Amino acid sequence: MKKRLIVFVMAVLLLPVVGMAQSSVFDKYSDSPDVTYVNIKPKMFQMIAKVGVDESDPEAKAFMDMVKSITSFKTIVTDSKAISADITKWVRSRSGSLEELMEVRDDGTEVKFYVKEGRDADHVKELLIFVTGIDKKMEEKVEINGKERKIETVVVSMTGDIDLNEISKLTNKMNIPGGQHLDKKKS
């Protein structure tokens with residue numbers, strides 16, 4: 001009985017540490033010179049949604065409604081094999097609490113979409129996009145902050161009340177690798 005109590009207490013004490021480990025990949029690499037890190041706050045999405053929307057255009061209105069519903073957008077882009085391996089490990093640890101929506105493999109490049117269920121079949125609370133092996137498809141290096149880089153891995157996390165029918169438009173507008181595959185999901 002004492003052993004079970006000790007195991008239970010240890011599990012409760014370790015729970016916050018496990019939770020922190022899962023949510024810290026963006027925090028861990030946000031200041032790294034080996035990544036491009038983007039963190040868009042909800043206020044920015046609110047500002048975007050107010051910019052000259054033609055209320056009579058239903059598509060524009062639907063897009064802006066979706067943009068307003070995003071509460072968090074974070075992305076990391078890296079060419080570091082070590083950071084890519086760490087991100088891959090983090091994504092695997094997160095994938096247990098998410099549903100894999102789609103996987104695309106093409107000539108060494110892999111794109112995976114994970115979601116956390118939302119209020120209905122068309123909405124999700126979280127969308128996680130994970131892309132590896134982009135370097136195998138890139139013909140030229142990309143210049144970031146004056147330094148040539150060949151992108152290895154991209155991870156994107158969005159939270160909010162996300163409409164999957166509109167999200168491909170956002171990923172395409174932001175030129176997020178793999179976003180075009182969401183259009184294929186709807187067909």
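This is a short tour of one predicted protein model, from the overall fold down to a few residues.

Ground rules, quickly. The model is predicted, so local features need pLDDT of at least 70 and side-chain atom pairs need pLDDT 80 or more, while totals for chains, interfaces and linings use all residues. Residues are numbered from 1 along each chain as its sequence is written, and side-chain values use heavy atoms, with hydrogens and water left out.

Overall picture. There are 7 helices and 8 strands. These are DSSP runs, numbered from the N terminus: helices are H or I with at least four residues, strands are E with at least two. The protein has 187 residues, and 41% of them count as buried. Buried is under 20% relative accessible area, exposed is over 50%, and partly exposed is in between, with a 1.4 Å probe and protein chains only.

Now contacts, meaning heavy atoms within 4.5 Å. Take the contacts between residues at least 6 apart in sequence: 63% of them join residues at least 24 apart.

How many aromatic pairs does a search of the whole structure find? It finds 1. The partners are Phe26 and Trp90, edge-to-face, with 5.6 Å centre to centre and 85° between the planes. Phe26 sits in helix H2 (residues 25–29) and Trp90 in helix H5 (residues 81–95), so the pair ties together parts that are 64 residues apart in sequence. Both Phe26 and Trp90 are buried. For the cut-offs: rings of Phe, Tyr and Trp (its six-membered ring) pair with centres within 6.5 Å; planes under 30 degrees apart are stacked, over 60 edge-to-face, the rest tilted.

On to His123. This residue lies in strand E5, which covers residues 123–132. Is His123 buried or exposed? His123 counts as buried, because its relative accessibility is 11%. Its side chain makes a polar contact of 2.7 Å with the side chain of Asp120. Another, of 2.9 Å, joins the side chains of His123 and Arg119. A polar contact is a pair of N or O atoms within 3.5 Å; within protein, one must be able to donate a hydrogen and the other to accept it, and residues adjacent in sequence count only if both atoms are side-chain atoms. Beyond neighbours within four places in sequence, His123 touches Glu117, Gly118, Asp161, Ile162 and Asp163.

Last stop, Met44. Met44 lies in helix H3, residues 42–50. Its relative accessible area is 41%, so Met44 is partly exposed.
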